[in-house]
Amino acid sequence: MSGKRATREAYGPTLVELTREGADIVVVEADLSKSTTTAKFAAAYPERFFNAGVAEQNMIGTAAGLASGGKVAFTGSFAVFATGRAYDQIRNTVCYSKLDVKIAPTHAGITVGPDGGSHQMLEDIALMRVLPGMRVLVPADVHAAAAAIRLAAATPGPFYVRLGRAAVPVIHPEGVEVGVGRAAVLREGDDVTVVACGVMVAEALAAADLLAADGISAEVVDAFSIKPLDAETLLASARKTGAVVTAEEHSVIGGLGSAVAELLGEHRPVPMRRVGVRDSFGTSGEPDELMAHYGLTAADIAQAVRELIGSS
Amino acid sequence: MTAARQTADPAAVRALAQRMRCDIVTMLAEAGSGHPGGSLSAADIVAALYGAVMRHDPQRPDDPRRDRFVLSKGHAAPVLYAALAQTGYFDGDHLLTLRKLGSMLQGHPDSTKTPGVEISTGSLGQGLAVANGMALALRIDQRTEPTVYCMLGDGELQEGEVWEAAMFASHHGLTNVVAIVDNNGLQIDGACSEVMCLGDIAAKFAAFGWEAAECDGHDVDALLAVLGGSRERAEVVGRPVAVVCRTVKGKGVSFMEGDADWHGKAPTREQAAAALAELGCEEVAL
């Protein structure tokens, strides 16, 4: 690992790079360009940046029109507003029309911190995952985030790329290869599979270290693409280890844990546990405090693994 | 045919509107459900657009030089389908498949299925924002000729997103967007003035920074003058233009006119036969 950086740091700069390389990218924001980092894009390409003001429904609709006009339209705001406030626009205009709108909001999850529960989006993966044709990517670090943005820009159709505010450990090399429907096995193991996404990938790797000290060999998979899931990699790992723990900075309802449970339930039922926020809103606090408060630390993942292996 | 501006011929537009009304009644009777009131109220406006005002080429629906039409009041899909069929985007036989399984003519417009439909609509209030985005894309591409026409219902103006988009268009000086309001005064639950009063619609658009015009939505000469001159007017004043068209819900079918009950109810075959006779339609297979 080499330090900590927020996944959102990749957003604006990657869009600038892509445009410099010739991609026909535009950005529509809703008064949060400094926080989301698209202000960097606005400074470089002011004629391709449009501020909708505090109006997320209009932000998504305008992005849809730009996409209809042949542009690759990135749009963001904070995850809670981009998805919840504008859900009908995403469903009926973006997805139903199969447009090249790439929704890449920042400030997802409880690591938003002190702003509290109103701003800590814990249901966005669930909301986006059920939309027909929507692809959902949750990068684990700043390098995976840059790769996810490039992947979304280069692949036709609607995308949701979940980005965060807080600095999180850098675990992937710069230029990491990613793909739609492609997970990455970051650490091989035999006793249990820990499937994680976003900031929880770093926690899962730390949990594997804790478990190794107990003599438990954990395989760690960075899911990255929540929809579509990498069924081949996940099923192969589940066959090998026979036990799966999921870990996400999201509600356990409808997110990664649900997606993996659906896959395993149909194709390879194995004992499993879901680490995540349990049907609750967030609360104010520092990110590290909140990770502990909601049971999202490496120690919590390790404990879930011990319980799972002990009970099976 | 290239995407050249058409010659405005009021008589031809009136004839087109009449054929479109016949199609609307026929397809809705065949479908057994749908929205006649707001389709008939918009028929003259849409005929003026597709028959004279808009530059478009039915043989090349993706011609980058084309004017765009966004039907934000997507439930009036029959009026759009009638215009597209009558101007040659697809065969008129398709109209009889409206709302049926496997049809390219969905209950509300679906841009992935129907040639000539620019964007899927149906959830109200979303079209003007999309029209703005289309206009921005044209600006980036330095295509100064095309105009994006967006038709909204008056009840639809109760949606907040419409006013977010109205603010956006004037802020960004989108002179290549024209908003057209089909102001028939009725919505599903009754009169707009009773359900949720809209006040002075033209004044509202003016307050949001638009150049607002009013027009009789069934006077083809007036429509051709106002709609035909809307883009030029926008360039002169440096603001987007909104045209509020006073219309009659169900226009052309006496038993539907001014009756909110005909918002979302298809005519029976007997009612349709009476309507077609009143409209003076040529014999159609029902």
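**Exercise 1. State which residues of H10(A) are exposed and which are buried, and describe how they are arranged around the helix.**

Solution. The model is predicted: local features need pLDDT of at least 70, side-chain atom pairs count only at pLDDT 80 or more, and totals for chains, interfaces and linings use all residues. Residues are numbered from 1 along each chain as its sequence is written, and chains are lettered from A in the order in which they are written.

Next, the buried residues of helix H10 (231-241) of chain A are A:Leu234, A:Ser237, A:Ala238 and A:Thr241. These residues lie on the same side of H10(A) because they cover an arc of only 100° around the axis; the arc is that of the directions from the helix axis to the C-beta atoms. An α-helix has 3.6 residues a turn, so residues three or four places apart point the same way. Helices (H or I, at least four residues) and strands (E, at least two) are DSSP runs, numbered from the N terminus.

Then list the packing partners. The buried residues of H10(A) pack against strands S9 (184-187), S10 (192-196), S11 (218-222) and S13 (244-251) and helix H11 (256-267) of chain A. Finally, just after H10(A), A:Gly242 takes a positive phi of about 75°.

**Exercise 2. Describe how the two domains of chain A meet.**

Solution. Chain A is divided into domain 1 (4-169) and domain 2 (184-311); the bounds come from an automatic or database domain assignment. Taken over C-alpha atoms, the domain centres are separated by 25 Å. In the contact count, 26 residues of domain 1 of chain A touch 28 of domain 2 of chain A, contact meaning C-beta atoms, placed from the backbone, within 7 Å. On the domain 1 side, helix H7 (124-129), strand S6 (135-137) and strand S8 (167-169) of chain A each supply at least two residues.

**Exercise 3. Identify what chain A contributes where it touches chain B.**

Solution. First, 25 residues of chain A are in contact with 23 residues of chain B. Helix H4 (56-68) and helix H6 (87-95) of chain A are the elements giving two or more residues to the chain A side. The largest share, nine residues, comes from H4(A).

How values were computed
A residue is buried if 20 or more other C-beta atoms lie within 10 Å of its own, exposed if 12 or fewer, and partly exposed in between; C-beta atoms are placed from the backbone.
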